Amino acid sequence: MQMETRNIVDERIPRGTTPPDGLCIRPAQPQDVKTLLALIRELALYENRPDAVCADANLLTHWLFSEKAAEVLLCEWQGKPAGYAMFYPILSSFAGRPKLYLEDIFLCEEFRKKGFGKRLLAQVALVAQQRGYAGMQWSCLDWNAESIGFYASLGAVQKTGTLTFLLDEKSTAALAHLGPASRT
């Protein structure tokens, strides 16, 4: 899937400058992959899953910048990485147009409760709005009461009546091995 690259940073701030309050939210570039990988590892630690990260710089570079499978906004404060948001479109069959799926939104602990998360999420929402998407969707770990409260304060509602299912790589391969149904 090829996505058009667009400038999604706040246009009121000249390119290459830091806003007066020191917060900068910008699209990730290939040279940011090592920083992004460090933030992903920090997210995995936060979620108590440090061994779950299989990504490396080459994989992220390929899938983010060659295949354009997702986009990433980096959040920086006074030039220091503070967090990121990773997202991609998903087609809503009911709406007949895409929604933006937020795969990750993460802020390093020292940058939480400063309004950075709200501004980062607002920038992702701006992308969805500018592209004419039907809305946004994401998931949250059920034990993360702080994040759940934050999302609710923004007007997000929990989707009820559905369960999330995942197939890991091994299970996906086993299912794919069953092959197509025979045509009769």
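A residue is called buried when its relative accessible area is under 20%, exposed when it is over 50%, and partly exposed in between, using a 1.4 Å probe and protein chains only. By this rule Asp32 is buried, because its relative accessible area is 10%. The model shown here is predicted, so local features need pLDDT of at least 70 and side-chain atom pairs count only at pLDDT 80 or more, while totals for chains, interfaces and linings use all residues. Residues are numbered from 1 along each chain as its sequence is written, and side-chain values use heavy atoms, with hydrogens and water left out.

Charged side chains come next. Side chains of opposite charge can pair when their charged atoms come close. A salt bridge is a side-chain nitrogen of Lys or Arg within 4 Å of a carboxyl oxygen of Asp or Glu. The structure holds six of these bridges. In one of them, Asp32 meets Arg26, with the closest N and O atoms 2.8 Å apart. Arg26 also forms a salt bridge with Glu76, at 3.0 Å from N to O. This second pair links distant parts of the chain, since Glu76 is in strand 2 and Arg26 in strand 1 (residues 23-27), 50 residues apart. Strands are DSSP runs of E with at least two residues, helices are runs of H or I with at least four, and both are numbered from the N terminus. Glu76 counts as buried because its relative accessibility is 15%. Together, Arg26, Asp32 and Glu76 are linked in a network of salt bridges.

Another salt bridge joins Glu110 and Lys80, at 3.2 Å from N to O. Here too distant parts of the chain are linked: Glu110 is in the loop between strand 4 and helix 3 (116-130), and Lys80 is in strand 3, 30 residues apart. Glu110 is partly exposed because its relative accessibility is 48%, and Lys80 is partly exposed at 39%.

A pair of aromatic rings is described by the distance of the centres and the angle of the planes. Rings of Phe, Tyr and Trp (its six-membered ring) pair if their centres lie within 6.5 Å; planes under 30 degrees apart count as stacked, over 60 as edge-to-face and the rest as tilted. The whole structure has eight aromatic pairs. One of them, Tyr84 with Phe106, is tilted, with 6.5 Å between centres and 50° between the planes. Tyr84 lies in strand 3 and Phe106 in strand 4 (residues 97-107), 22 residues apart. Both Tyr84 and Phe106 are buried. Ring pairs also link Tyr46, Tyr84, Phe106 and Trp143 into a cluster.

Trp143 lies in the loop between strand 5 (136-138) and helix 4 (145-153). Trp143 is partly exposed because its relative accessible area is 43%.

Lys68, in the loop between helix 2 (57-66) and strand 2 (71-77), has a positive phi of about 55° although it is not a glycine. Lys68 is partly exposed, at 23% relative accessibility. Gln78, in the loop between strand 2 and strand 3 (80-92), has a positive phi of about 50° and is not a glycine either. Gln78 counts as exposed, because its relative accessibility is 57%.
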